[in-house]
Amino acid sequence: MLKDKYPEEIKAVLGKYPPEQKRSAVMPLLYLAQREQGFVTKAAINEIAEILGVSATDVASIVGYYTLYYDEPGSKYRIQVCTDLPCALRGAEEFLEKLCENLGIRVGETTSDGLVTVEAVMCLAACDKAPMFQVQSGDGLSYHENQTVESAMNLVKTWRKGDGRA
Amino acid sequence: MSKYLLLRHREVPTLNRLEVYRQHGGFQAFHKAVTSMQPDQVTEVVKVSGLRGRGGAGFPTGMKWSFIDKKAWPHYVVANADESEPGTFKDREIMEGNPFQFLEGVALASYAVGANAAYVYLRGEFWQIAGQLDQHIAEMEAAGLLGDNLFGSGYSLHIYTHLGAGAYICGEETAMLESLEGKLGQPRLRPPFPPSFGLYGKPTVVNNVETLTNLPLIVDRGAEWYRTYGTEKSPGVKVFSLSGNVNRPGNYELPLGTTFRELIYEHGGGLSSGRKVKAIMPAGASSSLIVATEQALDTPMDYESVPSLGAQLGSASIIIVDDSVSIAWLINKTVHFFKHESCGKCTPCREGTFWMQHLTERIEGGKRTREDVELLTDVANQIKGKCLCALGEFSIEAVLSGIDRFKGDFEVKTSAQQLEVSSQPSVVMQE
């Protein structure tokens, strides 16, 4: 239960909004829930609904609407490459293709060891430092800019080592 | 004299520390406003300064504040830090490098409109920046710059961060307010506008990060001083985010009215050898395509001059497109973005971007017929003027201007190809 594990965090989140507007806390609480297993479980949705006094459907609709929430387990690391226009003009599409080729997958797929998923995503506000990607993992979100296929593969190598799969 | 008004951290790298920011005049303006000015006087200074919204719409900031409904309370200020327009990456640098000037701007706007609570709505990808801002806010509270009864004046202010979760549409102010209320981030029908019906139905002012970051200097040094920068109708400086086919992409803080040529060649280092500018998108992916004639390159980048080229300055996210790029490919990229980001509320935008994507994919893939380009134009025109917010409008800017101004890129190349394609049905359902 989130309430048992994160009582202080929940209190701090609720303190940001007027007491009669608890529903505003749905997004920060979903981030808190997602921290646990990399996706939002049904149990967490029910618990958040209870904390905020809204229906579970209201909470689930937020998970479905916003792209940074997941409702099913994924790989440990998601490499999300921006391929929008400014990045594409600086070679992001070719970068994505070669990266996938090196990992032996197609865009949207997960490596055979289940560790890395590569996705193409929309603008990440780093257009001057393309090719670039963000990594979504249990440690949060991190930006990796001015990338080459080699630098990205080195990053994957360190993850594999850390995970005992190298 | 400092070269920068906004990107001052480029000269003082430790400006993101409170004591350093204060050594450089930080919070003088907020102290002066709260202890010696009436809220309306602050609004008046900003009005006279001619500051216009830097998020894209270019609406006069002081005028926006003056619309706040003084009969309904409480009031709120929301800082728009949702920066998601392809080609825009200025607010991120401001919040990382010069966060206190931004937060002081939030405080000044809040004082001017009588808000005791302000929210900074950041895109979810900026969660590290949100964490830094939370720390800075705590430091300001400890230093007596935020909290209750500030400087003994009786005025109280609290600032909170709120993270979005990956939805471009939340940069639209009413969608942002819905999102902040814990609902789906979808635009509201307007009027009523946020200054009368905003967050939780209360009067609210929504301002962009860069707009807010201008305020401390304007209040500290005065409107006349600010108007020495920029042009008569577009006073001040702007952070131009330069991207695409240039040698030195990045943020450039320059006076409004600087020409495209100066930005591209003097600051951006020009293009790769042998390449010429083919098109310019001055407002990110939401932009019409400007044909890069000599005259266009010499046009000043301000709110009045850019429309003479059939485009808008918007957020000044200048995407440079060189002569190796096919405009048919380009509009497929922008349409793909808007199709993905359409919130689905208005049918013309939801369905229109879906069908435009099918058409631009086929056109870009070379399997185009003359009818496809006509159909695309037709679909785009049917989105026009029929949606609650500007996303639908934005999605057709590059499409219609691209087809109109770069006809050669949409011509059907050979009669053999045309024959082959025209034997297929003109609209194919995929998925």
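Reader: How many helices and strands are there in chain A?
Author: This is a predicted model, where local features need pLDDT of at least 70, side-chain atom pairs count only at pLDDT 80 or more, and totals for chains, interfaces and linings use all residues. Residues are numbered from 1 along each chain as its sequence is written, with chains lettered from A and ligands numbered from 1 in the order in which they are written. Helices (H or I, at least four residues) and strands (E, at least two) are DSSP runs, numbered from the N terminus. From that end, the elements of chain A run α-α-α-α-α-β-α-α-β-β-β-α, giving eight helices and four strands.

Reader: What share of chain A is buried?
Author: A residue is buried if 20 or more other C-beta atoms, placed from the backbone, lie within 10 Å of its own. Chain A has 166 residues. Buried residues make up 35%.

Reader: Which element gives the most to the side of chain A that touches chain B?
Author: Contact means C-beta atoms, placed from the backbone, within 7 Å. On that basis 31 residues of chain A are in contact with 38 residues of chain B. Helix H3 (26–37), helix H5 (56–65), helix H6 (85–88) and strand S4 (140–144) of chain A each supply at least two residues of that side. The most, four residues, come from H3(A).

Reader: How do the residues on the side of chain A that touches chain B divide into nonpolar, polar and charged?
Author: Ala, Val, Leu, Ile, Met, Phe, Trp, Tyr, Cys and Pro count as nonpolar, Asp, Glu, Lys and Arg as charged, and the others, Gly among them, as polar. The division is 21 nonpolar, six polar and four charged.

Reader: How do H13(B) and H16(B) run, roughly parallel or roughly antiparallel?
Author: Axes are lines fitted to C-alpha atoms over the stretch in contact, with angles from 0 to 180 degrees between N-to-C directions. The axes of H13 (residues 327–341) and H16 (residues 391–405) of chain B come within 9 Å and cross at roughly 170°. Angles over 145 degrees count as roughly antiparallel, under 35 as roughly parallel. So H13(B) and H16(B) are roughly antiparallel.

Conventions
Two residues are in contact if their C-beta atoms, placed from the backbone, lie within 7 Å. A residue is buried if 20 or more other C-beta atoms lie within 10 Å of its own, exposed if 12 or fewer, and partly exposed in between; C-beta atoms are placed from the backbone. Angles under 35 degrees count as roughly parallel, over 145 as roughly antiparallel, 65 to 115 as roughly perpendicular and the rest as oblique.
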